[in-house]
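Trainee: Could you show me how to read a protein model, feature by feature?
Mentor: Gladly; here it is.

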Amino acid sequence: KAPLRLLRPLRLLKVAKMLRIFKVLHSIERFVSVDLWLQRFLMLVGPFVCIAHIFNCGFWLVKEVTITVDDMEAFLASHGIEEDMALFTWERYVLSGYFINTVFTTVGFG
C-alpha cells in the first residue's frame, strides 16, 4: 500500500496542469471575441484533442523505438503505406490516431 500512497500527489499535478491550461485559455479569451457556444465547445473538446494528440505521438514513438526497420516497413506495407509517399508523416499520424481512438472508445483488447 505504501507505493500507492506515493502516487496520490501525482494526481494533484494532473489537476494543476489542467488548471494552467484553463488559465491560458481564459487569458486568450480576453483578447479574442468568441461566441459563448463556441467557447464552451472548445473548452470541452480542446483537452480531449490535446490528450489524443499526445497519445498518438507517444504510440508512434514507442513503435519506432521498439521494432526494427524491416518490421516497420512490413507493418506500413500491410496498411498500404509506402515510405516514398509524399504524405508519409501524415499517414503515420492517421494510422496511430485510428489505433489510439479505437482502443479508447471501445472495450479495448478483450
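Predicted model: local features only at pLDDT ≥ 70, side-chain atom pairs only at ≥ 80, totals over all residues.

The dialogue below takes the features one at a time.

Trainee: How many helices and strands does the protein have?
Mentor: Helices (H or I, at least four residues) and strands (E, at least two) are DSSP runs, numbered from the N terminus. The protein has four helices and zero strands, giving the pattern α-α-α-α along the sequence.

Trainee: How do I describe two packed helices?
Mentor: Two packed helices are described by the angle between their axes and the distance between the axes. The axes are lines fitted to C-alpha atoms, for helices over the stretch in contact, and angles run from 0 to 180 degrees between N-to-C directions. Here helix α2 (residues 36-66) and helix α3 (residues 69-78) have axes that come within 8 Å and cross at roughly 130 degrees. Therefore α2 and α3 are oblique to each other; under 35 degrees counts as roughly parallel, over 145 as roughly antiparallel, 65 to 115 as roughly perpendicular, and the rest as oblique.

Trainee: Which residues of α2 and α3 meet?
Mentor: W60, K63 and E64 in α2 meet M72, F75 and L76 in α3, where contact means heavy atoms within 4.5 Å. By class, this contact of α2 with α3 has four nonpolar, no polar and two charged residues. Ala, Val, Leu, Ile, Met, Phe, Trp, Tyr, Cys and Pro count as nonpolar, Asp, Glu, Lys and Arg as charged, and the others, Gly among them, as polar.

Trainee: Is R92 buried or exposed?
Mentor: Buried means under 20% relative accessible area, exposed over 50%, and partly exposed in between (1.4 Å probe, protein chains only). R92, found in helix α4, counts as buried at 18% relative accessibility. Leaving aside residues up to four places away in sequence, R92 touches W60, E64 and L76. For the whole protein, 13% of the 110 residues count as buried. In the loop between α3 and α4 sits G80, which counts as exposed at 57%.

Trainee: How do I read a pair of aromatic rings?
Mentor: A pair of aromatic rings is described by the distance of the centres and the angle of the planes. Rings of Phe, Tyr and Trp (its six-membered ring) pair if their centres lie within 6.5 Å; planes under 30 degrees apart count as stacked, over 60 as edge-to-face and the rest as tilted. The count here is four aromatic pairs. Among them, F55 and F104 are edge-to-face, 5.1 Å centre to centre with 85 degrees between the planes. F55 is in helix α2 and F104 in helix α4 (residues 88-105), 49 residues apart. Both are partly exposed, F55 at 41% and F104 at 48%. Another pair, F59 and F99, is stacked, at 4.6 Å centre to centre and 25 degrees between the planes. F59 lies in helix α2 and F99 in helix α4, so this pair ties together parts 40 residues apart in sequence.

Trainee: And how many disulfides are there?
Mentor: A disulfide is a covalent bond between the sulfur atoms of two cysteines. With the rule of a pair of cysteine sulfur atoms within 2.5 Å, the count comes to zero disulfides. C50 is partly exposed at 46% relative accessibility, and C57 is partly exposed at 36%.

Key:
Residues numbered from 1 in each chain as written. Heavy atoms only, no water.
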